[in-house]
Each structure stands twice: as structure tokens, then as C-alpha cells.
Amino acid sequence: MGSFCLLRTRFLLRPFVPSAAMQRTYSLDVSPELVRNQAYIDGRWTSAAADFPVLDPASGALIARVADCGPAEAKQAVDAAYKAFHTWKQQTAKERSDLLRRWYELMVKHKDELARIVTFECGKPLPEALGEVGYSAGFLEWYSEEARRCYGDIVPSPFRDRKILLLKQPVGVASIITPWNFPSAMITRKVGAALAAGCTVVVKPAEDTPLSALALAQLADQAGIPAGVFNVVPCSREKTPAVGEVLCTDPLVAKVSFTGSTATGKILLRHAADTVKKVSMELGGNAPFIVFDSADVDKAVAGAMGSKFRNTGQTCVCSNRFLVQSGVHDAFVEKLGVAMDAQLRMGHGAEPGVTQGPLINARAAEKVAHQVEDAVSRGARVLRGGKRGEGSYMEPTLLTGVTTEMLCTKEETFGPLLPVIRFNTEREALAIANATDVGLAGYFFSQDVSQIWRVAEALETGMVGVNEGLLSTPEAAFGGVKQSGLGSEGSKYGIQEYLHIKYMCFGGLEA
């Protein structure tokens, strides 16, 4: 059983925190059966020789100590998944669908407790955490339905005595390596597709947020997912390279799916190359957010607030560079500042009314502060925020006078920094937007229909939001181009990442 404790934090950052806010104490307040601290391997809760701490990023307080798995436990999980694959793939699509549906229903039943786990281990405000849990459950629901639609093909044959059939079959064991910023949804988006296809999985959650993964394992067990089909091996940052190497090199693993940084993705690709595994990668981004003169400025401001400040700027599709055309630049910046004053409040994610929690750790806050310092040293102006708080807190920050030479336009920030670049022409905006080696998401606001088509096609990204700052839904394909990754997740295409096509030529038939 996972240990947990009372957590304390102090609201520190003004003007976003009311001056009357006092020191408060917060309790995780989750059923002990959902707060697990062991690995889940072959249907059993398994201890390791050591453990590692899971901390509340808002206060640094201990939430739990979790089994620190190493290569041996990772190999044990791979072996269990491989053994289970030979029976799981024989279950009918309807049987797999029913089990995924039960898992989805249990997530909905326990959504409030699952959301509190998300909030306490990654800092996300509780309303956003509830949104993530609903989003996460939605992938299990979606793939419970897609499990029954993995259609093959019967191809018209050029020969009278032969039939041509294209069958779709599961690839085998899939290693699932997930990030901390969506500790529940990034698992179900991958695992739902894998299990629906008939694959089995080993999940390596981020070291900062293993509790959501282990809570999902508890519910999978309650749903009746067979032993070995879903395995979770948590580990510390120190053991992550060794565990990751096992999951990407073991010959019994057929597929690797990873969400995280481009640099780490390249390392995993090299590991997977030796055994030529099927690979999906959802990597870093540097999303442009373009506001054209024809835009509805109020809608653009609302879109910017949602796209930038959701999860305190810590999403892979967060807008990173804000390009605003000269004709609406001043009005956009003014209204955006007013919206930030009115809508953003910092504090512990469990506190009612808080919209901006801490960043995941102090290093993340230091990175944002460094980008602000760099921009100011090169001539940018701070209109809102700009200060580093205690621990993992960073004030939501609005910069103007930003140029493409500044770090905040070259690096993915992953924090609450909104840098505004003024531009004059559509061609100039597209040149700036596409001048990067990544291309996950992009956004723009315009009411010119011709411009909408031109820009949507010209942006070098895998996803485009037109007059919309929030993109994600299980029904849509999620993926990037350039160095933002390989493959797609979600939608009807996500399940194809866990299938291969077998061609069967049925000959010797009478003409």
C-alpha cells in the first residue's frame, strides 16, 4: 500500500495570489487501495530492493515511496508480457473490447480520486486534473470501440485460381514510456490502442509521477485485465537509463512507444534500431500561435490563455511563440494582460480557484527564469510577471519586443512564459513559424477564408488549430512532423501503430 501524508504549501507569488491567502494544509485524501507503491508485474504487486520518493511539487512534501525497479524487474515484466501475449491475442475483439470498457467505467467511477493523485504528484490544478482523467478514460472508451473495427482487406485477384487477403495482426509486446505532464492520459492513449489491437504492454511511467500509473494498474486488475497483459515498472531518475535500455533492446519487445523530449527520443530510437522494432515517438515542439489582422482579437486572447497557461504551460502542444500582426498587436497585448490579471491565480492545485500550480520541479522553474533573463537582456519588455517564486513556482509572464534571437523562441519553454513577436506580413509570419526543426502543433487566428486555407496548408506541423487553442480529443490523430516524432496516436489511426499487415495468398482454387 502507498503511504501518503498531509501536504503544506504557502501562497507566495503576487499579484496572482490574494494577499489574504494564508498557509494551508492539504491532504491527498484518496482511498489507500488506489495509492500503490509496488511495481505491477504479471498480475502481482512486486517489491524492489530499493524505493524512491514521490514529492508534491507545490511543497516538496513526501507523498509516497515507490518501488525503484531496475533491469531485472524490467526483464521480468517483458517476459510476463510476452507469455501473456500468446493468450491475449487469441481473445476475440469483442472480449478485449468488453474488458477495456470495464476499465473505462472504473476510471469514471473513481475520477475524483484519480484527479487528486494527478494534482498532488504533478501539481496540476484540480479542475484540470479532472479534465485529464476524463480525457484519459476517453481513450479506453474509444479503443474499446475501435477494437472491433480492425478490418483487413479482400483484394480483387488478377488470377482466377487465387484469392488475396490482407490480415491485420498484433505486433506483440509493446514498451510504453510516458512523461509526467499527463501522467494518466499519456498511458491510456497508448495502452488503450495496444490492448485493443491484441498487444500486451510494459509501462515505464515518469519518475516524478508513478502513482497515476499504479492506480491505473489497480483498476485494470479490478476490470479483469488478465495477468501479464498490463505491467507497470516504476523507477527513479538514476535507474531510468538502464530500465529504458531493457525495454528498447530486449528481443521479446516488438514495439516501443515514447512521449517525451526529442533528445531522449533519439537515444531510444538508437536502442530500438538494433532489433528493428516498430516505433512511435511523440517528441518536443515549439508551437507558433499566429494572430492576423483579420482575427477576432477577443477570441484570439481566449485561445492564447487556454493554449499557453493550461497545466502552467507544461504541455507538449502549448503555444511557445506568439506572432501578432502589427495592426492588432497593441490591442491583443493589452487585452491579454487584462485577461492574465483576471484569470490567473497561483497556488497549490488542490486550493479552490487556483489556475496555475507549480512547475514539476525547481529545474523547470529555473529554465523559465533563465529564458526571461535572456530575453530582457536582449531588449524584451516584461509586461506581466517575470519573477521566480520559491521552490517550483514561476509567475505567469508576458513579454513584448521579442525577437527570434532570444532563447524563448528557440527552445521549448514548458512553463508559463508568453513571448510576443510583432510581424507585418503573412509570408514573414510563416517564415518565422516554420524556422524550426520540430513541428508538433501550430495555431492561428484569422477570419479570412482564403488565408485560413493558405496558412493551414503551409504550417509545417502535424496538427493545426484554426481559431482554436485546444486541440486534443481521442477521436483525432495526434502526432508531429520533422523532429517532433513518428506515427500518430488517437483516432482510428492510433491502433494501426500496434498492428502489422500479413498478406495471405490463397491458391489452388478451381476457376
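Q: What is a polar contact here?
A: A polar contact is a pair of N or O atoms within 3.5 Å; within protein, one must be able to donate a hydrogen and the other to accept it, and residues adjacent in sequence count only if both atoms are side-chain atoms.

Q: And what sort of model is this?
A: This is a predicted model, where local features need pLDDT of at least 70 and side-chain atom pairs count only at pLDDT 80 or more, while totals for chains, interfaces and linings use all residues. Residues are numbered from 1 along each chain as its sequence is written, and side-chain values use heavy atoms, with hydrogens and water left out.

Q: OK, Glu489. Where is it found?
A: Glu489 lies in the loop between strand 23 (485-486) and strand 24 (499-506). Strands (E, at least two residues) and helices (H or I, at least four) are DSSP runs, numbered from the N terminus.

Q: Is Glu489 buried or exposed?
A: Glu489 counts as buried, because its relative accessibility is 7%. Buried means under 20% relative accessible area, exposed over 50%, and partly exposed in between (1.4 Å probe, protein chains only).

Q: Which side chains does it have polar contacts with?
A: The Glu489 side chain has a polar contact of 2.6 Å with that of Lys190, and another of 3.4 Å with that of Ser257.

Q: What else is Glu489 in contact with?
A: Leaving aside neighbours within four places in sequence, the residues in contact with Glu489 (heavy atoms within 4.5 Å) include Tyr143, Arg189, Thr259, Phe478 and Gly494.

Q: What follows helix 6?
A: Gly224 comes after helix 6, and its phi is positive, near 95 degrees.

Q: And helix 7, which residues are buried there?
A: In helix 7 (residues 240-249), the buried residues are Val243, Gly244, Val246, Leu247 and Cys248.

Q: What covers them?
A: The cover includes helix 1 (71-88), strand 9 (173-177), strand 10 (200-204), strand 12 (253-259) and helix 8 (262-273).

Q: How many disulfides are there?
A: A search of the whole structure gives 0 disulfides, a disulfide being a pair of cysteine sulfur atoms within 2.5 Å. For Cys150, the nearest cysteine sulfur is that of Cys199, 9.7 Å away. For Cys408, the nearest is that of Cys318, 14 Å away.

Q: Is Cys408 buried or exposed?
A: Cys408 counts as buried, at 0% relative accessibility. Cys150 is partly exposed, with a relative accessible area of 22%.
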